[in-house]
Amino acid sequence: MVNKKEKHAKDKFFYIGFLFFWIGDLVLLLYENPILYIAGMSLFIIGKLFYTIRFSHQKDFEMSSLMPFFVVIFIYIVVIVLFVYDNLKDFFIPIIIYIFASMLLGLFAFLRKDSVNSKSFYLIMIAVIIGAGSDSTAVLQSFYDSELPYHQILVMLFYALFQYFIILGLVEEKEIENNHLSTKTASF
């Protein structure tokens, strides 16, 4: 069991990440300015990286258990990039970095599977999927179809649900002992 001091130290990463998301929200209110768009996206990337650090743990994993996750993520990235590639221009690298940060967050949330109780695991995974929906809608609206129906409502609804389920999952989190994983080493 992780002591309260360690959990509190890990929770600081969540609070810092949440702060970056909040500042990114404020900056993205003026998303039509390309510099502010990049700044807001950068703040969101930093927020996602802090969430990723919060979800990290010390238990080992088997690479083969991640293959289904990698296949789904690869297909998702290819589909999104195929839709927006022609319109990305100078935003290609920032969008790829943003998608990578999102997928890294998803990976570390997925790796919590045998480290935390199932309720917390599934709430965080629901959050990650909903967050991908928010990100996809925003990218498609910005770089594929600016007239995407209900895009503002969808982005904000998915984003709010993403944050809500992250918080709910962290509130429900209880770390579990799992001896059969702690004796294995990561295999690449």
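This is a predicted model: local features need pLDDT of at least 70, side-chain atom pairs count only at pLDDT 80 or more; totals for chains, interfaces and linings use all residues.
Start by selecting helix 5 (residues 118-143) and helix 6 (residues 151-171), which pack at an angle of about 160° with their axes 8 Å apart. Angles over 145 degrees count as roughly antiparallel, so that's what helix 5 is to helix 6. The crossing of the two is left-handed. Colour their contact by residue class and you'll get 17 nonpolar, eight polar and no charged residues.

Helix 2 (34-55), helix 4 (92-110), helix 5 and helix 6 each put at least two residues into the lining, with helix 5 giving the most, six. By class, that lining has 13 nonpolar, five polar and two charged residues.

For the largest, select Y76, I80, Y98, I99, S102, M103, D135, S136 and V139; they line about 60 Å³ of space. Helix 4 has the largest share of this lining, four residues, while helix 3 (67-88) and helix 5 each supply at least two. Six of the lining residues are nonpolar, two polar and one charged.

Last stop: F21, K48, G131, S134, D135, Y159 and F162, around the second largest cavity, which holds about 50 Å³. Helix 5 gives the most here, three residues, and helix 6 supplies at least two. This lining splits into three nonpolar, two polar and two charged residues.

Key:
Residues are numbered from 1 along each chain as its sequence is written. Side-chain values use heavy atoms; hydrogens and water are left out. Axes are lines fitted to C-alpha atoms, for helices over the stretch in contact, and angles run from 0 to 180 degrees between N-to-C directions. Angles under 35 degrees count as roughly parallel, over 145 as roughly antiparallel, 65 to 115 as roughly perpendicular and the rest as oblique. A crossing is left-handed if the near helix is turned anticlockwise from the far one by less than a right angle, and right-handed if clockwise. Ala, Val, Leu, Ile, Met, Phe, Trp, Tyr, Cys and Pro count as nonpolar, Asp, Glu, Lys and Arg as charged, and the others, Gly among them, as polar. On a 1 Å grid over the protein atoms alone, a cavity is a set of points where a 1.4 Å probe fits but cannot get out, and a pocket is an open set with protein on both sides within 12 Å along at least five of seven lines; lining residues have an atom within 4 Å of a point. Grid points are joined across faces, edges and corners, and a volume is the space filled by probe spheres set on the points.
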